[in-house]
Amino acid sequence: MEKCLSFNFSITSTRDWIFRQTFYSAGLRPSLTHLPDGTTMQCWVPHHPAPHKPSLLLLHGFGANAMWQWSDQLRPFFLSSFNIYVPDLLFFGDSVTTRPDRSESFQARSVMALMESMGVLRMSVVGISYGGFVGYSMAAQFKEAVERLVLCSAGVCFEERDLKEGLFPVSDVEEAASLLVPQTPEKMRELVKGTFHKPWWPLPTWFPNDIIDVDSPLLTLFFQDYVHVMCKEHAEEKRDLIRAILKDRKHLNLPKIAQPTLIVWGEHDQLFPLELAHRLKRHLEGNSRLVIIKNAGHGVHLEKPKVFYKLLKGFLTDTPSQAFY
(Lines give C-alpha, C1' and ligand atoms only; values in the text may rest on other atoms or scores of the structure.)
Protein backbone atom coordinates (compact mmCIF):
# COMPACT_ATOMS: atom_id res chain seq x y z
CA MET A 1 0.00 0.00 0.00
CA GLU A 2 1.26 3.47 -0.88
CA LYS A 3 2.24 5.87 1.84
CA CYS A 4 0.74 9.30 1.79
CA LEU A 5 3.12 11.78 0.15
CA SER A 6 1.73 14.73 2.08
CA PHE A 7 2.40 13.44 5.57
CA ASN A 8 5.29 11.92 7.43
CA PHE A 9 2.60 10.37 9.61
CA SER A 10 -0.45 8.95 7.86
CA ILE A 11 -3.59 8.58 9.97
CA THR A 12 -5.10 6.33 7.30
CA SER A 13 -2.14 3.95 7.21
CA THR A 14 -2.04 3.91 11.01
CA ARG A 15 -5.73 3.08 11.26
CA ASP A 16 -5.28 0.36 8.65
CA TRP A 17 -2.48 -1.14 10.75
CA ILE A 18 -4.67 -1.02 13.88
CA PHE A 19 -7.53 -2.75 12.09
CA ARG A 20 -5.11 -5.41 10.87
CA GLN A 21 -3.96 -6.10 14.44
CA THR A 22 -7.61 -6.37 15.49
CA PHE A 23 -8.16 -9.10 12.91
CA TYR A 24 -5.01 -10.94 13.96
CA SER A 25 -6.08 -10.73 17.61
CA ALA A 26 -9.46 -12.19 16.64
CA GLY A 27 -7.74 -15.36 15.44
CA LEU A 28 -7.94 -14.55 11.74
CA ARG A 29 -5.16 -14.49 9.17
CA PRO A 30 -4.97 -13.06 5.63
CA SER A 31 -5.00 -15.61 2.83
CA LEU A 32 -4.48 -15.06 -0.90
CA THR A 33 -6.24 -17.50 -3.25
CA HIS A 34 -5.50 -17.66 -6.98
CA LEU A 35 -8.52 -18.91 -8.91
CA PRO A 36 -8.15 -20.63 -12.31
CA ASP A 37 -9.80 -17.83 -14.30
CA GLY A 38 -7.17 -15.17 -13.54
CA THR A 39 -8.87 -13.92 -10.39
CA THR A 40 -7.05 -13.45 -7.07
CA MET A 41 -9.06 -13.13 -3.86
CA GLN A 42 -7.73 -11.95 -0.52
CA CYS A 43 -9.66 -13.13 2.51
CA TRP A 44 -9.32 -13.11 6.28
CA VAL A 45 -9.84 -16.71 7.38
CA PRO A 46 -9.78 -18.58 10.71
CA HIS A 47 -6.36 -19.75 11.86
CA HIS A 48 -7.91 -23.06 12.85
CA PRO A 49 -11.43 -23.59 11.43
CA ALA A 50 -13.54 -25.74 13.74
CA PRO A 51 -15.41 -28.51 11.90
CA HIS A 52 -18.40 -28.26 14.25
CA LYS A 53 -18.94 -24.51 13.73
CA PRO A 54 -21.16 -23.02 10.99
CA SER A 55 -19.50 -20.59 8.59
CA LEU A 56 -20.24 -16.86 8.43
CA LEU A 57 -19.24 -14.78 5.39
CA LEU A 58 -18.98 -10.99 5.83
CA LEU A 59 -19.08 -8.87 2.65
CA HIS A 60 -18.06 -5.21 2.73
CA GLY A 61 -19.36 -2.28 0.71
CA PHE A 62 -17.54 0.55 -1.06
CA GLY A 63 -14.82 2.07 1.08
CA ALA A 64 -11.27 1.25 2.08
CA ASN A 65 -11.25 -2.54 2.46
CA ALA A 66 -12.96 -5.28 4.46
CA MET A 67 -11.08 -4.52 7.69
CA TRP A 68 -12.41 -0.98 7.98
CA GLN A 69 -16.03 -2.11 7.80
CA TRP A 70 -16.01 -5.28 9.90
CA SER A 71 -13.67 -4.73 12.86
CA ASP A 72 -16.57 -3.69 15.13
CA GLN A 73 -18.29 -7.04 14.59
CA LEU A 74 -15.35 -9.27 15.57
CA ARG A 75 -16.89 -9.92 18.95
CA PRO A 76 -16.48 -12.91 21.28
CA PHE A 77 -19.88 -14.43 20.49
CA PHE A 78 -19.32 -14.49 16.73
CA LEU A 79 -15.75 -15.68 17.09
CA SER A 80 -16.77 -18.53 19.39
CA SER A 81 -19.89 -19.48 17.42
CA PHE A 82 -18.78 -19.25 13.77
CA ASN A 83 -15.89 -19.81 11.44
CA ILE A 84 -15.67 -16.25 10.10
CA TYR A 85 -14.52 -15.37 6.57
CA VAL A 86 -13.99 -11.75 5.53
CA PRO A 87 -12.92 -11.32 1.89
CA ASP A 88 -11.90 -8.20 0.05
CA LEU A 89 -14.16 -7.97 -2.98
CA LEU A 90 -12.55 -7.55 -6.38
CA PHE A 91 -10.54 -4.32 -6.74
CA PHE A 92 -10.47 -3.77 -2.99
CA GLY A 93 -7.43 -4.71 -0.91
CA ASP A 94 -5.41 -7.25 -2.88
CA SER A 95 -8.34 -8.85 -4.71
CA VAL A 96 -8.07 -8.42 -8.49
CA THR A 97 -9.03 -10.11 -11.73
CA THR A 98 -7.90 -10.10 -15.34
CA ARG A 99 -11.48 -10.81 -16.42
CA PRO A 100 -13.47 -7.86 -17.87
CA ASP A 101 -16.72 -8.76 -16.07
CA ARG A 102 -17.69 -6.14 -13.45
CA SER A 103 -21.16 -7.43 -12.52
CA GLU A 104 -22.20 -8.35 -8.99
CA SER A 105 -23.00 -11.82 -10.31
CA PHE A 106 -19.33 -12.27 -11.27
CA GLN A 107 -18.26 -10.96 -7.87
CA ALA A 108 -20.62 -13.53 -6.32
CA ARG A 109 -19.19 -16.37 -8.40
CA SER A 110 -15.66 -15.31 -7.47
CA VAL A 111 -16.50 -15.28 -3.75
CA MET A 112 -18.21 -18.67 -4.04
CA ALA A 113 -15.18 -20.11 -5.86
CA LEU A 114 -13.01 -18.75 -3.05
CA MET A 115 -15.17 -20.40 -0.39
CA GLU A 116 -15.26 -23.70 -2.26
CA SER A 117 -11.47 -23.64 -2.57
CA MET A 118 -11.35 -23.54 1.24
CA GLY A 119 -13.85 -26.36 1.57
CA VAL A 120 -16.72 -24.14 2.75
CA LEU A 121 -19.90 -25.31 1.01
CA ARG A 122 -22.61 -23.88 3.31
CA MET A 123 -22.66 -20.51 5.04
CA SER A 124 -24.69 -17.56 6.24
CA VAL A 125 -23.91 -14.30 4.45
CA VAL A 126 -23.98 -10.70 5.69
CA GLY A 127 -23.58 -7.97 3.06
CA ILE A 128 -23.25 -4.24 3.60
CA SER A 129 -24.37 -1.90 0.79
CA TYR A 130 -22.52 -3.12 -2.35
CA GLY A 131 -21.64 -6.29 -0.43
CA GLY A 132 -25.40 -6.85 -0.13
CA PHE A 133 -25.68 -6.84 -3.94
CA VAL A 134 -23.02 -9.56 -4.03
CA GLY A 135 -24.61 -11.49 -1.17
CA TYR A 136 -28.04 -11.38 -2.81
CA SER A 137 -26.54 -12.67 -6.06
CA MET A 138 -24.84 -15.49 -4.14
CA ALA A 139 -28.17 -16.45 -2.55
CA ALA A 140 -29.86 -16.49 -5.97
CA GLN A 141 -27.11 -18.42 -7.77
CA PHE A 142 -26.09 -20.82 -5.00
CA LYS A 143 -29.31 -21.71 -3.23
CA GLU A 144 -27.88 -24.71 -1.40
CA ALA A 145 -24.77 -22.88 -0.24
CA VAL A 146 -26.36 -19.78 1.34
CA GLU A 147 -28.44 -20.65 4.41
CA ARG A 148 -29.36 -17.17 5.68
CA LEU A 149 -28.81 -13.68 4.36
CA VAL A 150 -28.48 -10.27 6.01
CA LEU A 151 -28.73 -7.22 3.76
CA CYS A 152 -27.65 -3.96 5.37
CA SER A 153 -28.34 -0.73 3.45
CA ALA A 154 -28.29 -2.71 0.21
CA GLY A 155 -30.50 -1.10 -2.43
CA VAL A 156 -30.74 -4.18 -4.62
CA CYS A 157 -34.31 -3.26 -5.64
CA PHE A 158 -33.51 0.13 -7.09
CA GLU A 159 -34.00 0.88 -10.78
CA GLU A 160 -31.94 2.98 -13.16
CA ARG A 161 -34.93 5.28 -13.66
CA ASP A 162 -34.85 6.10 -9.92
CA LEU A 163 -31.82 8.28 -10.65
CA LYS A 164 -33.69 10.45 -13.13
CA GLU A 165 -36.80 10.57 -10.95
CA GLY A 166 -34.85 12.10 -8.05
CA LEU A 167 -34.85 9.26 -5.52
CA PHE A 168 -31.08 9.57 -5.04
CA PRO A 169 -28.83 12.57 -4.24
CA VAL A 170 -27.20 12.02 -7.67
CA SER A 171 -28.93 12.10 -11.04
CA ASP A 172 -26.81 9.84 -13.24
CA VAL A 173 -24.37 6.95 -13.19
CA GLU A 174 -21.21 9.02 -13.60
CA GLU A 175 -22.16 11.31 -10.74
CA ALA A 176 -22.74 8.24 -8.56
CA ALA A 177 -19.34 6.82 -9.54
CA SER A 178 -17.65 10.13 -8.77
CA LEU A 179 -19.24 10.23 -5.31
CA LEU A 180 -18.57 6.61 -4.33
CA VAL A 181 -14.98 6.57 -5.60
CA PRO A 182 -13.80 9.97 -4.29
CA GLN A 183 -10.59 11.36 -5.76
CA THR A 184 -10.45 14.70 -3.89
CA PRO A 185 -10.89 15.77 -0.25
CA GLU A 186 -14.02 17.67 -1.29
CA LYS A 187 -15.61 14.52 -2.74
CA MET A 188 -14.57 12.59 0.36
CA ARG A 189 -16.30 15.14 2.59
CA GLU A 190 -19.42 14.93 0.41
CA LEU A 191 -19.44 11.13 0.70
CA VAL A 192 -18.99 11.16 4.49
CA LYS A 193 -21.84 13.67 4.86
CA GLY A 194 -24.07 11.46 2.75
CA THR A 195 -23.10 8.24 4.50
CA PHE A 196 -23.65 9.16 8.15
CA HIS A 197 -26.61 10.75 9.90
CA LYS A 198 -24.33 12.55 12.34
CA PRO A 199 -20.69 13.59 11.87
CA TRP A 200 -18.55 10.47 12.09
CA TRP A 201 -15.10 9.48 10.97
CA PRO A 202 -12.85 6.56 12.01
CA LEU A 203 -10.21 8.65 13.74
CA PRO A 204 -8.62 7.60 17.04
CA THR A 205 -10.70 8.45 20.10
CA TRP A 206 -7.96 10.71 21.42
CA PHE A 207 -8.44 13.19 18.56
CA PRO A 208 -10.22 16.40 19.61
CA ASN A 209 -13.87 16.73 18.63
CA ASP A 210 -13.33 19.80 16.47
CA ILE A 211 -11.11 17.72 14.16
CA ILE A 212 -13.60 14.87 14.00
CA ASP A 213 -16.29 17.37 12.91
CA VAL A 214 -16.73 16.69 9.19
CA ASP A 215 -16.68 20.42 8.34
CA SER A 216 -13.41 21.10 10.14
CA PRO A 217 -10.72 22.56 7.83
CA LEU A 218 -8.20 20.34 9.58
CA LEU A 219 -10.16 17.29 8.52
CA THR A 220 -9.46 18.20 4.89
CA LEU A 221 -5.87 17.06 5.48
CA PHE A 222 -7.08 13.69 6.69
CA PHE A 223 -9.49 13.34 3.79
CA GLN A 224 -6.57 14.09 1.48
CA ASP A 225 -4.55 11.41 3.24
CA TYR A 226 -7.38 8.88 3.02
CA VAL A 227 -8.01 9.50 -0.68
CA HIS A 228 -4.32 9.16 -1.50
CA VAL A 229 -3.82 5.95 0.48
CA MET A 230 -7.15 4.19 -0.09
CA CYS A 231 -8.92 5.56 -3.17
CA LYS A 232 -6.40 5.94 -5.98
CA GLU A 233 -5.68 2.29 -6.73
CA HIS A 234 -8.14 0.56 -9.12
CA ALA A 235 -10.30 3.71 -9.20
CA GLU A 236 -11.54 3.13 -12.75
CA GLU A 237 -12.32 -0.54 -12.07
CA LYS A 238 -14.36 0.50 -9.01
CA ARG A 239 -16.26 3.03 -11.11
CA ASP A 240 -16.98 0.20 -13.55
CA LEU A 241 -18.47 -1.85 -10.69
CA ILE A 242 -20.93 0.99 -10.04
CA ARG A 243 -21.76 1.36 -13.73
CA ALA A 244 -22.43 -2.38 -13.92
CA ILE A 245 -24.97 -2.47 -11.08
CA LEU A 246 -26.81 0.65 -12.32
CA LYS A 247 -27.10 -0.06 -16.05
CA ASP A 248 -30.62 -1.03 -17.20
CA ARG A 249 -31.56 -2.17 -13.70
CA LYS A 250 -35.22 -3.03 -13.00
CA HIS A 251 -36.23 -4.54 -9.69
CA LEU A 252 -38.82 -6.80 -11.33
CA ASN A 253 -35.90 -8.57 -13.02
CA LEU A 254 -34.37 -9.33 -9.64
CA PRO A 255 -34.77 -13.04 -8.86
CA LYS A 256 -36.64 -13.87 -5.68
CA ILE A 257 -34.75 -15.85 -3.06
CA ALA A 258 -36.12 -18.34 -0.56
CA GLN A 259 -33.54 -18.03 2.22
CA PRO A 260 -34.55 -16.31 5.48
CA THR A 261 -33.42 -12.71 4.98
CA LEU A 262 -32.92 -9.91 7.48
CA ILE A 263 -33.06 -6.41 5.98
CA VAL A 264 -31.39 -3.69 8.08
CA TRP A 265 -31.65 0.00 7.19
CA GLY A 266 -30.79 3.34 8.71
CA GLU A 267 -33.79 5.61 9.18
CA HIS A 268 -31.96 8.53 7.53
CA ASP A 269 -30.13 6.72 4.72
CA GLN A 270 -29.38 9.27 1.99
CA LEU A 271 -27.49 7.01 -0.41
CA PHE A 272 -30.15 4.29 -0.58
CA PRO A 273 -33.36 5.92 0.69
CA LEU A 274 -35.76 4.02 2.93
CA GLU A 275 -38.19 3.45 0.06
CA LEU A 276 -35.77 0.83 -1.26
CA ALA A 277 -35.94 -1.09 2.02
CA HIS A 278 -39.73 -1.31 1.80
CA ARG A 279 -39.51 -2.20 -1.90
CA LEU A 280 -37.15 -5.07 -1.07
CA LYS A 281 -39.41 -6.28 1.75
CA ARG A 282 -42.38 -6.38 -0.65
CA HIS A 283 -40.27 -8.17 -3.26
CA LEU A 284 -39.24 -10.93 -0.84
CA GLU A 285 -42.67 -11.14 0.80
CA GLY A 286 -42.78 -13.57 3.76
CA ASN A 287 -39.14 -14.66 3.51
CA SER A 288 -37.82 -11.45 5.04
CA ARG A 289 -37.85 -9.24 8.11
CA LEU A 290 -37.16 -5.49 7.93
CA VAL A 291 -35.59 -3.60 10.82
CA ILE A 292 -35.19 0.18 10.58
CA ILE A 293 -32.64 1.67 12.97
CA LYS A 294 -33.38 5.16 14.23
CA ASN A 295 -30.86 8.02 14.20
CA ALA A 296 -28.65 6.29 11.66
CA GLY A 297 -27.77 6.80 8.02
CA HIS A 298 -26.33 4.59 5.31
CA GLY A 299 -23.36 3.56 7.46
CA VAL A 300 -25.66 2.13 10.13
CA HIS A 301 -23.23 -0.71 10.94
CA LEU A 302 -20.60 1.87 11.89
CA GLU A 303 -22.90 4.43 13.53
CA LYS A 304 -24.78 1.82 15.57
CA PRO A 305 -22.40 -1.15 15.84
CA LYS A 306 -23.88 -2.51 19.08
CA VAL A 307 -27.43 -2.44 17.70
CA PHE A 308 -26.26 -4.02 14.45
CA TYR A 309 -24.38 -6.75 16.32
CA LYS A 310 -27.42 -7.55 18.47
CA LEU A 311 -29.59 -7.90 15.36
CA LEU A 312 -27.08 -10.18 13.67
CA LYS A 313 -26.65 -12.29 16.77
CA GLY A 314 -30.38 -12.81 17.15
CA PHE A 315 -31.11 -13.53 13.49
CA LEU A 316 -28.17 -15.86 12.85
CA THR A 317 -28.90 -17.99 15.92
CA ASP A 318 -32.70 -18.15 15.67
CA THR A 319 -34.38 -21.39 14.70
CA PRO A 320 -35.39 -21.36 11.01
CA SER A 321 -39.04 -20.58 11.80
CA GLN A 322 -38.13 -17.69 14.11
CA ALA A 323 -35.79 -16.16 11.55
CA PHE A 324 -38.72 -15.11 9.36
CA TYR A 325 -40.52 -13.09 12.03
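**Entry 1: terms and ground rules.** I wrote down the burial classes before anything else: a residue is buried under 20% relative accessible area, exposed over 50%, and partly exposed in between (1.4 Å probe, protein chains only). I noted that this is a predicted model, where local features need pLDDT of at least 70, side-chain atom pairs count only at pLDDT 80 or more, and totals for chains, interfaces and linings use all residues. Residues are numbered from 1 along each chain as its sequence is written, and side-chain values use heavy atoms, with hydrogens and water left out.

**Entry 2: confidence.** I looked up pLDDT, the predictor's confidence in each residue, from 0 to 100. The chain averages 90, and 90% of its residues score at least 70. I marked residues 1–7, where the pLDDT is below 50. This stretch has 15 contacts beyond near neighbours in sequence, a contact being heavy atoms within 4.5 Å. Residues 204–211 also have a pLDDT below 50, with ten such contacts.

**Entry 3: the overall fold.** I found 15 helices and nine strands; these are DSSP runs numbered from the N terminus, helices being H or I with at least four residues and strands E with at least two. Of the 325 residues, 57% count as buried. The C-alpha trace spans about 50 × 50 × 40 Å along its principal axes.

**Entry 4: salt bridges.** How many salt bridges does the structure hold? I found 15, using this rule: a side-chain nitrogen of Lys or Arg lies within 4 Å of a carboxyl oxygen of Asp or Glu. Side chains of opposite charge can pair when their charged atoms come close.

I began with K187 and E190, whose closest N and O atoms are 3.4 Å apart. Both lie in helix α8 (residues 185–195), three residues apart, about one turn of the helix. K187 is partly exposed at 24% relative accessible area, and E190 is partly exposed at 39%.

Next I checked R243 and E236, which form a salt bridge with closest N and O atoms 2.8 Å apart. R243 is partly exposed at 21%, and E236 is partly exposed at 38%. I traced a network of salt bridges here, linking E174, E236, R239, D240 and R243.

Last, I looked at R282 and E275: their closest N and O atoms are 3.3 Å apart in a salt bridge. R282 is exposed at 52%, whereas E275 is partly exposed at 32%.
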